[in-house]
Amino acid sequence: MTSIYNQIVQAKAANKKLLAVLLDPDKIVREQLEVLVLKINQSSATHIFIGGSLVKNNILDELIVFIKNNVVLPVVLFPGNPSQISDKADAILFLSLISGRNPDYLIAHQVDAAPIIKKTQLEVISTGYMLVESGGLTAVQTVSKTTPLSRDNIEHALATAQAGEMLGNKLIYLEAGSGANNPVPLKMISLVAQNITIPLIVGGGIVDLTGIQNAYDAGADLVVIGTAFENNMHFFENK
């Protein structure tokens with residue numbers, strides 16, 4: 001079976017744009033799960049990402065099992081820390097926060113997570129995670145205690161992405177943060193996309209379908225929708 005990462009690479013080569021719905025277990029209402037999966041099935045989503053900056057509840061396994069029983073899409077972990085690892089998922093974005101200089105998020109959490117992941121069958125996808133200034137304080141910034149990359153210094157963002165690729169990351173993820181006031185600047189997406197060879201993920205601050213298309217047009221290979229869908233499960237019905 002083709003790996004999830006290879007499918008992403010093949011989609012990039014074919015210029016087929018991908019879309020992930022990000023679900024935060026802390027924001028899931030059990031009573032709305034059936035409606036949630038119905039809306040996902042009716043959407044153009046190609047992947048489901050699960051995770052969050054904190055995740056205080058213990059429904060991760062239950063949530064993944066329910067989704068996999070009702071949605072025929074790959075379920076990919078998007079963990080904020082090692083406690084958010086589940087062998088029920090299909091893959092995990094093995095994140096390194098390369099935009100920051102907090103060693104906990106550069107390597108320490110990864111060291112803690114490695115023995116746990118080795119006991120699972122999860123496909124591990126090394127991902128260079130870059131937090132971009134979005135006009136307000138985001139959960140990622142608060143939890144990671146790191147300074148986002150300047151929105152205006154797109155050359156520095158490019159150098160960071162290229163360093164991530166040279167270090168061996170398989171994906172680069174430009175993130176404005178959950179509930180961001182502004183999305184990742186299109187000029188930044190474009191510059192990074194044109195100067196790396198690995199797939200580019202973009203998320204945070206995208207509030208409508210036009211925002212998704214703008215990110216695609218700028219060069220994003222996969223766009224992530226989280227807060228906008230959490231706040232409005234009819235998001236994908238809005239034309």
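**Testing the labels**

Author: Start with a loop. Asn15 is found in the loop between helix H1 (4-13) and strand S1 (18-23). Keep in mind that this is a predicted model.

Reader: Why is Asn15 called exposed?

Author: Exposed means over 50% relative accessible area. Asn15 has 57%, so the label exposed applies.

Reader: What is the phi of Asn15?

Author: Phi of Asn15 is near 55°, a positive value in a residue other than glycine. Most residues other than glycine have a negative phi.

Reader: Which loop holds Lys145, and what makes Lys145 exposed?

Author: Lys145 is in the loop between helix H5 (139-144) and helix H6 (154-166). The relative accessibility of Lys145 is 68%, and the cut-off is over 50%, so Lys145 counts as exposed. Lys145 also has a positive phi of about 55°, although it is not a glycine.

Reader: Ser99 lies in a loop. How do you know whether Ser99 is buried or exposed?

Author: That loop runs between strand S4 (91-97) and helix H4 (103-118). Buried means under 20% relative accessible area. Ser99 has 7%, so Ser99 is buried.

Reader: What does Ser99 touch?

Author: Not counting residues up to four places away in sequence, Ser99 touches Tyr129, Met130, Leu131, Thr147, Leu149 and Thr160. A polar atom of the Ser99 side chain lies 2.9 Å from the backbone nitrogen of Leu131.

Reader: Why is Leu19 called buried?

Author: Leu19 is found in strand S1. Its relative accessible area is 3%, and buried means under 20%, so Leu19 is buried. Leaving aside neighbours within four places in sequence, its contacts include Ser44, Ala45, Ile212, Tyr216 and Phe236.

**The annotated sites**

Reader: Which residues carry the "binding site" annotation that includes Asp24?

Author: The UniProt annotation, from an unreviewed entry, covers Asp24 and Ser53. They are spread over 30 residues of sequence, yet they cluster in space, with a largest C-alpha distance of 8.6 Å. The lining of the largest pocket includes Asp24 and Ser53.

Reader: What makes Asp24 buried?

Author: Asp24 has a relative accessible area of 12%, and the limit is under 20%, so Asp24 is buried. Asp24 is found in the loop between S1 and helix H2 (33-42). Its side chain reaches the backbone nitrogen of Asp26 at 3.0 Å.

Reader: How do you know that Ser53 counts as buried?

Author: Its relative accessibility is 17%, and buried means under 20%, so Ser53 counts as buried. Ser53 lies in the loop between strand S2 (47-50) and helix H3 (60-70). Not counting residues up to four places away in sequence, Ser53 touches Gly80, Asn81, Gln84, Ala139, Val140 and Val143.

Reader: Where else does UniProt place the feature "binding site"?

Author: The unreviewed entry also places that feature at a set of residues including Tyr173, Leu174, Glu175, Gly204 and Thr227. From this set, the lining of the largest pocket takes in residues including Tyr173, Glu175, Gly204 and Thr227.

Reader: Why is Leu174 called buried?

Author: Leu174 has a relative accessible area of 0%, and buried means under 20%, so Leu174 is buried. Leu174 is found in strand S6. Among its contacts, leaving aside neighbours within four places in sequence, are Met130, Val132, Met188, Ile189 and Val192.

Reader: What makes the link between Glu175 and Tyr129 a polar contact?

Author: A polar contact needs a pair of N or O atoms within 3.5 Å. The side chains of Glu175 and Tyr129 are joined at 3.0 Å. Glu175 is found in strand S6. At 5% relative accessibility, against a limit of under 20%, Glu175 counts as buried.

**A helix pair**

Reader: How do helix H7 and helix H8 pack?

Author: Helix H7 (residues 186-195) and helix H8 (residues 209-218) pack at an angle of about 35°, and their axes are 8 Å apart. H7 contributes Leu186, Ile189, Ser190 and Ala193, while H8 contributes Asn214, Ala215 and Ala218. The contact residues divide into 5 nonpolar, 2 polar and no charged.

Reader: Which residues of H7 are buried, and what covers them?

Author: The buried residues of H7 are Met188, Ile189, Leu191, Val192 and Ala193. Their cover includes H6, strand S6 (171-175), strand S7 (200-203) and H8.

Methods: Residues numbered from 1 in each chain as written. Predicted model: local features only at pLDDT ≥ 70, side-chain atom pairs only at ≥ 80, totals over all residues. Heavy atoms only, no water. Helix = DSSP H or I, 4+ residues; strand = E, 2+ residues; numbered from the N terminus. Buried < 20%, exposed > 50% of the residue type's maximum accessible area, 1.4 Å probe, protein only. Polar contact = N/O pair within 3.5 Å; in protein donor to acceptor, adjacent residues only side chain to side chain. Contact = heavy atoms within 4.5 Å. Axes fitted to C-alpha atoms, helices over the stretch in contact; angles between N-to-C directions. Nonpolar A, V, L, I, M, F, W, Y, C, P; charged D, E, K, R; others polar. UniProt positions renumbered as here; feature names shortened; annotations may be inferred. 1 Å grid on protein atoms, 1.4 Å probe; cavity = no way out; pocket = protein on both sides within 12 Å on 5 of 7 lines; lining within 4 Å.
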